[in-house]
Amino acid sequence: MRLLHRKQFPTSKDISGCAISGMMSEIGAPMSGEAIIRSIANMHDRSNGLGGGFAAYGIYPEMRDRYALHVMYDAIDDKQETERLISRWCTVYGDETIPTRPSALVRHPPILHRYFVNIKPEVMERFCDETEDDAIVDLVMTINNESKGGFVFSSGKNMGVFKGVGFPEDIGEFYRLDEYQAYIWTSHGRFPTNTTGWWGGAHPFSLLDWSVVHNGEISSYGINKRYLDNFGYKCALHTDTEVIAYLFDLLVRKHRLPFEAACLAMAPPFWPQLERLPETRRELARTLRIVYGGALLNGPFSVLVGHSGGMVGFNDRTKLRPMVGARKGDMVYMASEEGAIREVCNDPEVVWHAAGGVPIMAHLKEPEKVIGAEATARLKAHSCKLPAGAWQESPRAGRAAASVQ
Amino acid sequence: MSKRLVQAEFNVERDPERCIQCQVCVRQCSNQVHAYDEEAEQVTCDEASCVGCQRCATLCPTGAITIKKAPPDFAPDNNWTSDVIQNIYRQAETGGVLLSAMGNDTAKTSWWDNILLNASQVTNPSIDPLREPMELTTFLGAKPNAVELSFDDQGGPSLATKLAPQLVLSTPIMFSAMSYGAISYNAFESLARAAGQYGTFANSGEGGLHKDFWPHGPNMIVQVASGRFGVDIDYLKVAAAVEIKIGQGAKPGIGGHLPGEKVDERISQTRMIPVGSDAISPAPHHDIYSIEDLRQLIYSLKEATRYQKPISVKIAAVHNVAAIASGIVRAGADIVAIDGYKGGTGAAPTMIRNNVGIPIEFALAAVDDRLRQEGIRNQASVVACGGFRSSADVVKAIALGADAVYIGTAALVALGCHLCQKCYTGKCNWGIATQDPYLTRRLNPDIGARRLVNLLRGWSHEIKEMMGGMGINAIESLRGNREHLRGVGLSDRELSILGIKAAGE
């Protein structure tokens with residue numbers, strides 16, 4: 001039997017079909033993982049047992065200012081090697097085995113461990129004008145590319161990714177997600193079409209507090225990867241999903257574009273649609289498209305991007321993958337199928353199918369209350385929110401109804 | 001004078017049953033292959049002068065003429081082939097330099113043929129360009145690394161980034177630099193008009209821009225080359241972009257020479273030189289002996305054009321092309337054009353044409369890689385040129401990393417060129433590479449422009465079909481996307497330089 005927990009990077013691009021589902025409380029009300037497991041299980045047939053995973057935000061309130069590194073190891077020796085690296089770079093404020101519930105349906109798990117860390121001040125000195133986030137990115141890339149059997153699959157603050165080989169509902173049970181309380185949950189069931197799948201290759205893919213679950217195939221992957229290389233991102237995993245996470249990190253965190261503008265760069269309107277926009281918007285959309293040609297995501301996809309301040313769902317500009325949005329009170333739901341939403345939300349106030357390329361946005365209404373002052377300041381510094389009402393008009397002329405808020 | 005050792009390269013076969021002695025061939029052949037013998041009342045021929053341009057065979061109303069490659073089959077020898085021997089005979093007669101025209105015709109591999117394209121099956125739907133949008137719009141010019149927005153305005157975000165000037169192409173194909181002088185007035189006009197009609201650009205070459213062509217300025221890239229012919233402020237102002245020509249793929253490292261007999265009144269006005277004088281382009285620019293000199297010229301041209309126009313720099317693909325291109329981008333060029341060793345020319349020493357420079361495939365891959373490694377790929381667009389024969393070559397070049405391509409030979413073939421490679425004689429029977437009014441009027445610019453537009457349309461359709469097959473609906477997603485390329489029959493080293501995988505990987 002092949003050991004699917006072994007660290008393995010496929011040599012060619014990984015292609016997969018999938019199910020995705022996400023839910024968020026905009027007032028930051030904590031929810032256990034029980035509902036999201038039911039939601040993703042509702043789409044059982046969209047995955048084939050070769051990968052499932054979840055991202056949860058707000059789960060480590062006592063450690064919310066530490067980076068939570070979730071690491072999987074092939075063997076105990078690999079753990080020692082990687083831990084040496086972590087302790088050289090970081091002050092470790094706590095570490096423990098990630099609690100699991102043994103299950104016959106989830107076989108051969110790797111060693112799963114988590115660490116709560118900050119970069120040591122003397123290490124930060126090497127990073128000149130860069131931030132602690134940049135240093136964490138560097139550490140994650142170093143471990144994932146260079147260590148033999150260690151793989152960091154989650155590295156954000158006050159959030160965590162839980163994933164593995166199996167059906168998503170079984171993975172959720174395995175990780176005891178019903179015992180966590182989060183204000184955002186995203187989930188993924190995987191149907192890979194050309195690789196056998198390994199634990200690290202399941203979704204969500206995550207870097208810092210970005211997590212991405214993705215259904216589809218990015219036909220522009222080859223150039224997206226080389227475009228990111230320009231800015232120092234190394235795409236080692238050969239998954240499309242990885243480039244989406246890095247593109248959000250680049251466009252939103254580094255280039256400080258609002259999410260709407262970042263989505264406009266990644267799934268721009270067609271030129272004739274663009275010509276019909278009002279003049280100021282047209283110039284903006286046109287410039288974004290010209291400058292970020294390498295970031296354009298082509299091919300069929302629907303993705304859910306989670307971050308500590310909210311959740312973004314969007315799909316390709318010709319809408320070749322399904323994406324449904326729904327809202328009830330302070331809850332926002334996004335999923336591949338409406339049934340997955342109705343499974344966990346009896347009578348949504350509004351349900352709509354997202355238009356191609358038009359993002360569905362959910363934001364924490366009062367982030368200070370939910371994630372604390374420091375995280376809010378960081379959120380503001382790292383992501384730029386459009387002023388209310390600034391983007392009422394949909395960038396797709398005539399499809400404004402799609403972005404119901 | 002003794003009989004020449006050089007033998008005829010073509011056989012002219014005339015079917016006496018079909019020939020009606022109409023003498024069309026006599027009037028059409030500027031090489032005087034055909035003549036009419038009044039006494040015998042018969043058309044005769046001098047095969048030794050035939051260049052194989054097929055004009056007579058094409059126009060013969062009864063199809064009586066067949067032009068075939070003549071043997072000269074000297075004793076079989078893989079080293080000392082008939083071509084090699086004939087060349088030595090020619091040089092022994094004259095003591096001159098062997099001349100050629102058009103691109104390298106030797107049997108060296110075209111690497112495009114060893115690269116295959118991808119298509120979607122199942123996991124990613126292929127797209128039908130006849131039903132769905134398929135976008136080829138291309139922007140050439142410097143791009144910033146990031147777009148900055150400002151939020152002061154209550155109405156929403158506004159742009160804080162001002163974009164450098166861009167050329168907007170409706171398809172990623174432009175016409176290469178071919179000067180008025182090297183080609184005829186009508187050929188030049190056909191190219192300029194076609195560029196305007198299809199929404200792309202033609203390049204003036206280094207011979208200036210005649211006033212008659214100024215209305216085509218918005219679709220012209222004008223060249224500033226080492227001879228500086230026809231360069232004045234109006235020339236720079238009228239154009240859409242300015243290109244500094246450092247070198248050319250067919251003859252890297254050497255200059256050019258338009259013989260005085262071609263310099264008639266109109267060409268003299270255009271080039272700003274006296275009628276009948278030779279137009280000599282020196283090998284280097286005498287004000288560019290280093291990269292910092294190039295920077296000065298780039299910024300002189302930017303100043304002169306008020307920073308309203310992209311400045312391109314064209315170089316031949318030579319061994320160190322990646323480092324040179326990087327220097328050019330850092331020197332401030334908005335576009336770098338790389339001309340491979342198969343690039344065409346109106347005249348080049350044969351040895352240079354066939355032996356100097358490197359293939360565009362490797363040069364392009366190396367330049368794109370290098371600019372990305374240095375994080376400066378956004379700062380300039382890369383245009384590839386040199387021997388593009390079909391839309392498939394164009395798609396492969398874009399997937400390797402080019403923003404657009406220049407086509408020269410293919411455009412001339414669309415105008416009727418039969419690639420006899422004798423442009424430098426000035427006797428082009430197709431009215432393309434000649435200034436003889438009797439010959440130039442054979443090319444009607446209305447028809448020429450229409451044929452060129454047809455070519456661009458045909459290739460663009462094919463590009464869209466290939467992109468659709470890959471599941472890509474915007475040219476941005478094809479550009480530099482080497483995942484969609486696979487190599488066959490290439491060594492590991494070749495694959496690694498091209499940055500592509502082998503078929504089956």
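# A guided tour of two chains

Start by selecting chain A: its accessible surface comes to about 13600 Å², and 51% of that belongs to carbon and sulfur atoms. Keep in mind as you look around that this is a predicted model. Colour chain A by secondary structure and you can pick out 12 helices and 18 strands. Of its 405 residues, 66% are buried. Now think about contacts in chain A with a separation of 6 or more: residues 24 or more positions apart account for 76% of them.

**First stop: helix α7 of chain B**

Move over to chain B and select residues 291-304, which form helix α7. How far apart are the end C-alpha atoms of this helix? They are 20 Å apart, which agrees with the 20 Å that its 14 residues should span at 1.5 Å a residue.

Next, show the side chains of B:L294, B:L297, B:I298, B:L301 and B:K302, the buried residues of α7(B). Look down the axis of α7(B): these buried residues fall within an arc of 140 degrees, so they line one face of the helix. An α-helix has 3.6 residues a turn, so residues three or four places apart point the same way.

What do the buried residues of α7(B) pack against? Select β13 (220-224), α5 (233-238), β14 (241-245), β17 (311-316) and α8 (321-330) of chain B to see their partners. Then turn to the other side of α7(B), where B:E292 and B:Q296 are exposed. After the helix comes B:R306, with a positive phi near 55 degrees.

**Second stop: helix α3 of chain B**

Select residues 82-94 of chain B, the 13 residues of helix α3. From first C-alpha to last, α3(B) reaches 19 Å, close to the 18 Å expected at 1.5 Å a residue. Here B:S82, B:I85 and B:Q86 are buried. Viewed down the axis of α3(B), its buried residues fall within an arc of 100 degrees, so they line one face of the helix. On the other side of α3(B), look for the exposed B:D83 and B:T94. B:G95 follows α3(B), and its phi is positive, near 70 degrees.

**Last stop: B:N186**

Finally, zoom in on B:N186, in helix α4 (residues 185-198) of chain B. Is B:N186 buried or exposed? Its relative accessibility is 15%, so B:N186 counts as buried; the cut-off for buried is under 20%. Leaving aside neighbours within four places in sequence, B:N186 is in contact with B:T440, B:R441, B:L443 and B:P445. For B:L443, show the backbone oxygen: it lies 2.8 Å from a polar atom of the side chain of B:N186.

Note on methods
Residues are numbered from 1 along each chain as its sequence is written. Chains are lettered from A and ligands numbered from 1 in the order in which they are written. This is a predicted model: local features need pLDDT of at least 70, side-chain atom pairs count only at pLDDT 80 or more; totals for chains, interfaces and linings use all residues. Side-chain values use heavy atoms; hydrogens and water are left out. Helices (H or I, at least four residues) and strands (E, at least two) are DSSP runs, numbered from the N terminus. The expected span of a helix is 1.5 Å times one less than its number of residues. Buried means under 20% relative accessible area, exposed over 50%, partly exposed in between (1.4 Å probe, protein chains only). The arc is that of the directions from the helix axis to the C-beta atoms. Contact means heavy atoms within 4.5 Å. A polar contact is a pair of N or O atoms within 3.5 Å; within protein, one must be able to donate a hydrogen and the other to accept it, and residues adjacent in sequence count only if both atoms are side-chain atoms. Accessible areas come from the Shrake-Rupley method with a 1.4 Å probe; for residues, only the protein chains shown count as cover.
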